[in-house]
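Please look over the sequence and the model before reading on. The paragraphs below go through selected parts of it.

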Number of protein chains: 2
Amino acid sequence: MTTPRPDPTAPSADPAAAPSAMASAKADLARALFAPRAVALVGASADPAKNTGRPQRFLRHHGFRGRVLPVNPGRAEVQGAPAYKDLAAAAAASETPIDHALVMVPAAAVPDVVAQCGAARVPVATVYSDGFAEAGADGRARQQALLEVARAAGVRLIGPNSMGLVNVHAAMPLSVNAALEAPALVPGGLSLITQSGTVLGTLLSRGQARGMGFAKLVSVGNEADLAVGEVLDLLVDDPETAAVLLFMETVRDAPRLAAAARRAFAAGKPVIAYKLGRSAAGSALAVSHSGAIVGADAAASAFFRRHAIIRVEMLETLLEMPPLVIGRKPAPKAAPPLQATPPSKGRVAVVTTTGGGAAMVVDRLGTLGMEPVPPPARLVERLAELGVRIGHGPLIDLTMAGTRPGVYGAALDELLAAPDCDAIVCVVGSSGQFHPELAVEPILKAPKTDKPLAVFIAPQADRSLALLAEAGIAAFRTPESCADAVRAALAWAPPAEVPDRPRCDLSAVEAALAAAPGPVLDAERAAAVFAALGVPCAASRVVSGPDDDLSGIAYPVAVKILSPEVAHRTETGGVVLNIPDEAALRDACRAILARVAEKAPSAPVSGIQVQAMERGLAEVLVGFRRDPGVGPVVVLGAGGILAEIHRDVNICTCPISAADAREMIAAVAGLAPLRGYRGLPVGDLEALAAALVAVSDLAFVDGPAVREAEVNPLLVRAAGAGVVAVDGLVVRDE
Amino acid sequence: MTTPRPDPTAPSADPAAAPSAMASAKADLARALFAPRAVALVGASADPAKNTGRPQRFLRHHGFRGRVLPVNPGRAEVQGAPAYKDLAAAAAASETPIDHALVMVPAAAVPDVVAQCGAARVPVATVYSDGFAEAGADGRARQQALLEVARAAGVRLIGPNSMGLVNVHAAMPLSVNAALEAPALVPGGLSLITQSGTVLGTLLSRGQARGMGFAKLVSVGNEADLAVGEVLDLLVDDPETAAVLLFMETVRDAPRLAAAARRAFAAGKPVIAYKLGRSAAGSALAVSHSGAIVGADAAASAFFRRHAIIRVEMLETLLEMPPLVIGRKPAPKAAPPLQATPPSKGRVAVVTTTGGGAAMVVDRLGTLGMEPVPPPARLVERLAELGVRIGHGPLIDLTMAGTRPGVYGAALDELLAAPDCDAIVCVVGSSGQFHPELAVEPILKAPKTDKPLAVFIAPQADRSLALLAEAGIAAFRTPESCADAVRAALAWAPPAEVPDRPRCDLSAVEAALAAAPGPVLDAERAAAVFAALGVPCAASRVVSGPDDDLSGIAYPVAVKILSPEVAHRTETGGVVLNIPDEAALRDACRAILARVAEKAPSAPVSGIQVQAMERGLAEVLVGFRRDPGVGPVVVLGAGGILAEIHRDVNICTCPISAADAREMIAAVAGLAPLRGYRGLPVGDLEALAAALVAVSDLAFVDGPAVREAEVNPLLVRAAGAGVVAVDGLVVRDE
């Protein structure tokens, strides 16, 4: 793959940062990480086959031009180079400053080595040693202590539990990974940041076999100090990096990662992520596997989307996709129409001379929500002029005529220009195997436009794949990764605009939160919080029991027990609905007090909520919670048990705009009835959007933060008639 | 891959067929198809690069030992061989009988060539020519005419629109497919039947590149005569075939395919299918692409499952999976428990020395509903004896200790023997790339058991993949195809027992159907059909209007208009519920007659149905329809609009047993409440199962067949209290 270098004369994304001290510190850090003048290998083994003996061998094998200083207190020489008893000795002996130390000693000895780095003015240590946060509570404590030593010593850390890093262009493989046994490393524009160490080798070996070249590869390990976000930020400024691949287990530094991803977008460097944790099994694994606290995977997806990080579903897509997005920038998406059935995820033209191979791509695109476009009228005409007649099906099958000079090229020209086609997939048949140059020639000659163009080669055809890779054209080995990449490219949107202030003054919200006697608010206090946010709540008042003065109540009403310890009030018998008059109200109060006293005798009862009965077209759930990975999120779901069974919710990171809220409403399948499915009356979706924005504003609350909040149900009335919350809960910090 | 040959001394699956005339006719057909003594190439081109010139070149290139007779009226010689003006001349000149003709002439000339085949006693013609059923109405007529000529001439056809067929073991490549340009063909145990011609080359080239050998490859084209089922039946008896891959666009010969698949299962030859049409886009394509009438894809899936055809989701799985199932036969599945949440789809042990690569497989297995098993206690103990301590997470990570002698082998031994583990996945890390023999050695040495064992190799490691393929061990290039294959292997079950007679005497059903004045039955007549099948229906009687004698009615009741032309009675205002007394009933009759007269003035009204009001825990939908591909199917869905939005239904081909019905009930997510989700009262699932079986018995009806029937809703009451149909429709043939 060629390395499109960003234009150095282009204005910087952040002009204020240009010649500042911060920028210079970043440049120094990048230099020490990726282009050290001298590296110390602390704990280097004399056995070149051992893991700890490999880095020295790899540095020599790939021709590193800097100084390499093995540190090994037991030997004067390691693998033919003079060895030093400690870092101080190494630093003293080196005429060039040691910019980077690779630390490969047992966990207990690591803090001391890092302290030595500080003393010897080594600015960066990459810690291969394991036994830290990935190894239980003791390990976590050890990692914290290590971080403190590093901070005190002024040393930046990669790891611990890192496989190291590689700068391909500078022939600097500072890693134990066996993939570096490869005879040569192919330089190119792809950089990789991985939380899983061995994946560095997985992707390097697979990419190289396909002729894909790399710039930088970094295994961030446990991310005690430098995490994915900060490394990404450095790569945005790396002239060799054209796109960054992320292999993620969890999000540990959300704000930094968000900011770096936005800078990368502005700089025209796509960021593409594969993340573990789609399934519960995978999530559990990410926790045990590298000491991560896993945020919900859906929250991570929402976070990626918000900050223009492209998420792919398949391993090979990560490698095959970049040319589809490098050099392109998606236009802002128009607001999705709030229609009953979800809109198409993209109109894709599939051009081929081979029916079966192309049908696999079309089928998979369809499963992922995209629609194949029939040949545009202009294309049909132009081909007719060339004496070619094509069908009108979802596949643009040029048949054998596609091999005649000019036909394929004409088809591509028309499709690249066609306004009603968002992307193109060319499917190459058997010619790809035995006549690679011929097979891909019209594709190589196609003009570069902003429209994504992907190629799937049906037979085994390594040479065709390599030719396309060399030309910077996205070529796919399987129909599945091809469709995954096209989906991801079409879903890619510029970073969302994140509101920087709440929609309304939050002092009333903060007062309502502060007034609560404990962290769990009862439903009446929760309603006060939601009302202060601007969410309409059912009119209610609190009575203490059946003997209160009940005058002035408009019937029918509902009564609900009030207790911070009774969250599921219906199941405790704490709710009676549709009470027609005062006598029935007194009976109901008596009954629920008795039932709650029996079923939850220890729950403190703060009163009985008497609430106006409300009706709507449908019930929805609006939630707020703090994800340990990506921070506060707002959740929208259809109400009822079937929505729960189908996990039919949408999540967005907070705070959100009205446009975000509308996107959420469009994305929940079970809200189709409110969007007019089967001619049903449309709900007040503007009011629902406003309620979502209001709840997301909880992220701005000053003082004791809200941990969790939920309006459930929120009744949505017909268009123009608003929404009304009839129950909810709020939990704040102590 | 080695070719496990079936034991010729094993008893035949169908002993009656052994030395019969039928078996001998089948053997003759197979010989003519796959091992012809002489082949005629009708329409052979003298230009070896042209499609029609290729077969002759390929036959010579791969060393076909039979006679090859080009037929070309314009030349005395073609590609160095004597050419003949027609088949008669060729047959006269050939000392060996011509067993097979490949027909490559324009569509209009094909029937004549096939007639000549008959005259020259050529028993089989493979028709490459296109312009038949795939080319619109004219083409369909042409194909029908061709078929009639073939039948009259006693000639069996492959195609038209076929890419031909290949017998690798006999060096007989009778095909125009460019993949045959390959220097050599690798013989092995995989056979392929494909409805999409070019896919023959796609799979041949990809398989060969991975060291996978093939036996027979057949492109069946439009299947005018020989279709997938009959070819599969021949391959069951083929000693070279160990497993059969199907590439399907549609099911054209369901009964034959079902029977052949059952014979293949009995013979220990797994049948693995990849089918287009998962998405609406793909379905549309299958129609236009090769002239198929597409059955619903879900019906095809149900058909495959019923007859033990394994369905895979990804192209590469088709090639990579066979060793996972060759030589294994799944045990009958225990009845699924009717529990709220769906049971696990399998417990899979993932063993590795490389965390990240394995985590990708675990995550994907989880998304597909399988659960990773933690290391069994015996394994933990045994490894402890070897001085290895492993964690208890979902990944069995042997870490570097796994490379010590004996450790990996011990782990595999224990897992192969562990009763609470259904399958094993070994994930190989970087050693697979540079030390392939070492990396796969313990896996090659593992004992062969009935437990599926799959291997995913994380880095690029062609040699490791080939070593495993040679040893008949399933090796996967991507985590996604690995998980897809493990899912498919664990879902594989013996063919279902299909009831051969209805549960009850159907004469009352047939009488009720015959009594209807037209093909569309009104709701009262439909109820009579369902009642005769044994489905409890709400008590009802028919009145003509408000002035009828209404005595003897037990209230409350519902009234519903009766008209075969008003299918959606609620939307036409033709339904009133909860009528408390006779006065209200008379009003309701008047009202609905007026409304229907206004909204559907031309609909003939046969009366008003007065029906007892019924209640249940939930509503379900039970449907019956004839799928154009796989025949009659029964459908179960949760009731209500959300179930419709989530397409939450299960389909089974008819007729079904009570066990099938229970599996259907277990498989519908939205029925979780009836299965006790969140402590809700359990529904009468036995009664529901009985209703499903009853409706599926419509497949047995003699006389005018039922095209379509639906009970909607069927109310399901609490366990023991039964079910009751409150509305339904039946459409029969004229």
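**A guided reading of the model**

Gln143(A) is in contact with Phe132(A), Ala133(A), Pro160(A), Asn222(A) and Ala224(A), leaving aside its neighbours within four places in sequence. The model is a predicted one. Gln143(A) belongs to helix H5 of chain A, which covers residues 136-153. Is Gln143(A) buried or exposed? Its relative accessible area is 11%, and a residue counts as buried under 20%, so Gln143(A) is buried.

Chain B also has a helix H5, at residues 136-153. This helix of chain B has 18 residues, and the distance from its first C-alpha to its last is 26 Å. That is close to the 26 Å expected at 1.5 Å a residue. Which residues of H5(B) are buried? They are Gly139(B), Gln143(B), Leu146(B), Leu147(B) and Ala150(B). These residues cover an arc of only 100° around the axis, so they sit on the same side of H5(B). An α-helix has 3.6 residues a turn, so residues three or four places apart point the same way. The face of H5(B) turned away from the buried side carries exposed residues, namely Ala137(B), Asp138(B), Arg151(B) and Ala152(B). The buried residues of H5(B) pack against helix H4 (110-119) and S7 of chain B. Just after H5(B) comes Gly154(B), which takes a positive phi of about 70°.

Strand S7 of chain B leads on to a sheet. Five strands of chain B form an open sheet in the order S2-S1-S5-S6-S7, with parallel pairing. Which strands stand at the edges? They are strand S2 (67-71) and strand S7 (156-158) of chain B; each has a single partner strand, so one side of each is left without a neighbour in the sheet. On average, neighbouring strands of this sheet are turned by 20° against each other, direction ignored. Strand S6 of chain B, residues 124-127, pairs with S7(B) in the parallel sense over three bridges. Within this part of the sheet, Ala125(B) has Leu157(B) in S7(B) as its bridge partner.

Back in chain A, helix H17 spans residues 436-445, and its buried residues are Pro436(A), Ala439(A), Val440(A) and Ile443(A). Why are they on the same side of H17(A)? They cover an arc of only 85° around the axis, which puts them there. Leu438(A) and Lys445(A) are exposed on the other side of H17(A). The buried residues of H17(A) pack against several elements of chain A: helix H15 (407-417), strand S18 (423-428), helix H16 (431-434), strand S19 (453-457) and helix H18 (462-470).

Leu165(A) lies in strand S8 of chain A, residues 164-167. Its relative accessibility is 0%, so Leu165(A) counts as buried. What does Leu165(A) touch, not counting residues up to four places away in sequence? Its contacts include Leu33(A), Phe34(A), His100(A), Thr126(A) and Ile158(A). Among the others are Met172(A), Pro173(A), Leu174(A), Ser175(A), Leu217(A) and Val218(A). Asn177(A) is twelve residues from Leu165(A) along the chain, and their C-alpha atoms are separated by 9.2 Å.

Some details of the backbone remain. In chain A, the peptide bond between Tyr555(A) and Pro556(A) is cis, with omega about 0°. Pro556(A) is in the loop between strand S22 (540-543) and strand S23 (557-562) of chain A. Another cis peptide bond runs from Asn712(A) to Pro713(A), with omega near 0°. Pro713(A) lies in strand S29 of chain A, residues 706-716.

In chain B, Gln79(B) is not a glycine but has a positive phi of about 45°. Gln79(B) is in the loop between strand S3 (77-78) and strand S4 (81-82) of chain B. With a relative accessible area of 14%, Gln79(B) is buried. Arg678(B), also not a glycine, has a positive phi of about 55°. The loop that holds Arg678(B) runs between helix H24 (658-667) and helix H25 (685-696) of chain B. Arg678(B) has a relative accessible area of 55% and is exposed.

Definitions and conventions. Residues are numbered from 1 along each chain as its sequence is written. Chains are lettered from A and ligands numbered from 1 in the order in which they are written. This is a predicted model: local features need pLDDT of at least 70, side-chain atom pairs count only at pLDDT 80 or more; totals for chains, interfaces and linings use all residues. Side-chain values use heavy atoms; hydrogens and water are left out. Helices (H or I, at least four residues) and strands (E, at least two) are DSSP runs, numbered from the N terminus. Buried means under 20% relative accessible area, exposed over 50%, partly exposed in between (1.4 Å probe, protein chains only). Two strands pair if DSSP finds at least two bridges between them. Axes are lines fitted to C-alpha atoms, for helices over the stretch in contact, and angles run from 0 to 180 degrees between N-to-C directions. The arc is that of the directions from the helix axis to the C-beta atoms. Contact means heavy atoms within 4.5 Å. The expected span of a helix is 1.5 Å times one less than its number of residues.
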